[in-house]
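Hi,

Here is the structure I promised to pass on. Have a look at it first, and my notes follow below.

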Amino acid sequence: MTATGRDRHASKSLGSNLHARIKQARVLMVGAGGIGCELLKNLVLTGFGEIHIVDLDTIDLSNLNRQFLFRNEHIKKSKALVAKESAGIFNPNVKIEAYHDNIKDPQFNVAWFQKFDIVFNALDNLEARRHVNKMCLAADVPLVESGTTGFNGQVQVIRKGKTQCYDCTPKDAPKSFPVCTIRSTPSQPIHCIVWAKSYLFTEIFGTSEDDAPELDHSEDSENAKEIANLRNESQALKRIRESMGSKEFPGLVFNKVFKEDIERLRSMEDMWKTRKAPTALDYEDLLKELPSVEKNIAQKDQATWTVAENFAVFLDSLSRLSNRMEETRANADTGNSPPILTFDKDDADTLDFVAASANLRSIIFGIEARSKFDIKQMAGNIIPAIATTNAMTASICVLQAFKVMRADLAKDKLREQLSEAKTEEELIKTKTDEEYSKQLSKAKMVFLAPNGTERRVTTEGLSRPDETCPVCSVAQSTIVVDANRATLNDLIEDLLRLQLGYGEEFSVNSDAGLLYDPEEDANLRKTFAELGLKNDNSITIIDDADEGARVNLVLHISEQELGSEAKPIDLTQKPEIPLKPRTAPAETNGDSRPIVTNGLTNGVTNGATSGLKRTADDAGLEDELIRKKGKVAAKPDDDVVVVDDANDGIILIDDD
Ligand SMILES: Nc1ncnc2c1ncn2[C@@H]1O[C@H](COP(=O)(O)OP(=O)(O)OP(=O)(O)O)[C@@H](O)[C@H]1O
Ligand SMILES: [Zn+2]
């Protein structure tokens, strides 16, 4: 298709104004995985002028079934760079920049985010989502946040000061299990799988179970003694680890965890009054059965293995992993931290070990064994990623972005008209802001959820920011600092007291902790450099005044050498710092108060370990979907809005 042909159709569909804006837009897409590949295709084909892609990962075989920009020959190459190459071919008019980096890297600072008209998140973990949310708030750039889990999907438009941010609604921490259930009283296959993955595997090949998020170590007086016993067991296992590589090693490990520990547990008779007591396994007996086991049993991943088969896979994978540890150790440079292995559902050696160990434990406790295939899903916490869910979600992201851009357009147009009419600047600000809110209220929170046997798209108006949200209900500004000259006292006296009118009761905090409060004045004479405050760091001012306290103020540091006659520290722009809300409106948290309250009909607005697959838990999706489903299901979904203004385009992009 020629460029003009391409433009003609897009312009007709979207309207010439929006289309022109899209062609000039510079957008950022964070994550080039399942949603990202679909989204990039949409952005490129729509004709967004300049697209920047950030992804830290390389392409894996398991990505190819749904991340259609990647092919076999791309395995191990950068996702961002390959996505750029593949999608670039779709539309030569679009400029694409790719970064094979972590979005949390310091090069992607607030000033860098400010270059974009809109940001799209296509991520798979809470931490990165939270980071981009914060950066977009600091840079005052609209964010389209999205996530999918199986058949469920969600898209949310986030705009500073207008809508809820990603952190306005609490997100659940990943599921964890009490340590005693995992270590002493398992009753389900998942308990044995978590034991194999987060305890046995990590004690032998990793660091320590203390790091495993799936294990809840909180003690109460009743289980304190058992937890102490379990610690001793772990210590004993650590000692066995030292004999890795020796002939005795497999027998020592097996006897420890499948015999001695089980016999100790069994001897605690009280525990087994209401439960079936475990039965230890015998290493020597099982060795005798080995010759009868098929050689390629580990490949039969759909079958439920017998005790002997599990034993065979256990020994074989233990030996494969031990050899790998030995090799890593031999190749490691001196001075490095000790070599460790980490569980990866796609790493056959680690999966075989976890599957066989989990099943041996299940057999001991009279729990049904599972196939390796099932265990892979459960250990990887996997809800299968569904290509069509990603595709639908990615298309909704773009439709929502259109609405955000239309709000910008409307605001600019009104500003132009008011300026021509020589309207006062203050009034222009109020009017254009109202217009922006009104237009933005057409954007929606969109849910994709299976509803009975039918899959449906449902929407909900966006809510106003939560006034108690610690992330978005703060004031922000940037300060220029000559770090070798500016002292903490300059910040406090000149900037906070004189320019911003702070009183006596406030504190200054950095990521490292408290820098100043009325009782802590030891740092006053220190310079920013001496305090370790650098470019792109931020400090938070917490107002503790009894009366009229203002919300927290976050100041981003822009380090610059300022001439000796210039002030060593200054604000780039005077921030507006609203008062803290008087009462915490906890009961309104998560409701959908419209972002505009002036009687609009479609009210509303405002308000989903890298490399690991997204789960409902860490994507923070499932609860929210369940919470909303009942409410939105009743909405009629046959509202059709036909727009046929030449400048507004003819396709239907409204979904309310
Ligand atoms: N901090 C980060 N910086 C940059 N990219 C990130 C960051 N965290 C996650 N990502 C990227 O976000 C993408 C999310 O995509 P997706 O959810 O499809 O995961 P995936 O790893 O590609 O596939 P799988 O579903 O097998 O986990 C991944 O490509 C991942 O590398
Ligand atoms: Zn918030």
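Let me start with a detail: Ser 510 has Gly 513 in β13 as its bridge partner. Bear in mind as you read that this is a predicted model.

That pair belongs to β12 and β13, which run antiparallel and are joined by three bridges.

How do α9 and α10 pack? Helix α9 (residues 224-241) and helix α10 (residues 249-267) meet at an angle of about 160°, and their axes are 10 Å apart. Angles over 145 degrees count as roughly antiparallel, so that is the label for α9 and α10. The crossing in which α9 passes α10 is right-handed. On the α9 side the contact is made by Glu 233, Ala 236, Leu 237 and Ile 240, and on the α10 side by Leu 252, Val 253, Lys 256 and Asp 261. By class, the contact of α9 with α10 comes to five nonpolar and three charged residues, with no polar ones.

Next, helix α2 (residues 16-24) packs against helix α15 (residues 387-420) at about 105°, with the axes 10 Å apart. That angle makes α2 roughly perpendicular to α15. From α2, the contact takes in Asn 17, Leu 18, Arg 21 and Ile 22, while α15 brings Phe 402, Met 405, Arg 406 and Leu 409. The contact of α2 with α15 has five nonpolar residues, one polar and two charged.

Then there are α8 (residues 189-205) and α13 (residues 348-364), whose axes come within 8 Å and cross at roughly 125°. With that angle, α8 is oblique to α13. The crossing of α8 and α13 is right-handed. Here α8 contributes Pro 189, Cys 192, Ile 193, Trp 195, Ala 196, Lys 197, Leu 200 and Phe 201. Facing them from α13 are Thr 350, Phe 353, Val 354, Ser 357, Ala 358, Arg 361 and Ser 362. Sorted by class, the contact of α8 with α13 divides into ten nonpolar, three polar and two charged residues.

Last, the ligand. Which residues are closest to ligand 1? They are Gly 31, Gly 33, Gly 34, Asp 57 and Asp 124, out of 25 residues that surround ligand 1. The shell around ligand 1 is made up of eight nonpolar, ten polar and seven charged residues.

That's what I have for now. Over to you!

Cheers

Methods. Residues numbered from 1 in each chain as written. Chains lettered and ligands numbered in written order. Predicted model: local features only at pLDDT ≥ 70, side-chain atom pairs only at ≥ 80, totals over all residues. Near = placed C-beta within 6 Å. Nonpolar A, V, L, I, M, F, W, Y, C, P; charged D, E, K, R; others polar. Axes fitted to C-alpha atoms, helices over the stretch in contact; angles between N-to-C directions. Helix = DSSP H or I, 4+ residues; strand = E, 2+ residues; numbered from the N terminus. Parallel < 35°, antiparallel > 145°, perpendicular 65-115°, else oblique. Left-handed = near helix turned anticlockwise from the far one by under 90°. Contact = placed C-beta atoms within 7 Å. Pairing = 2+ DSSP bridges.
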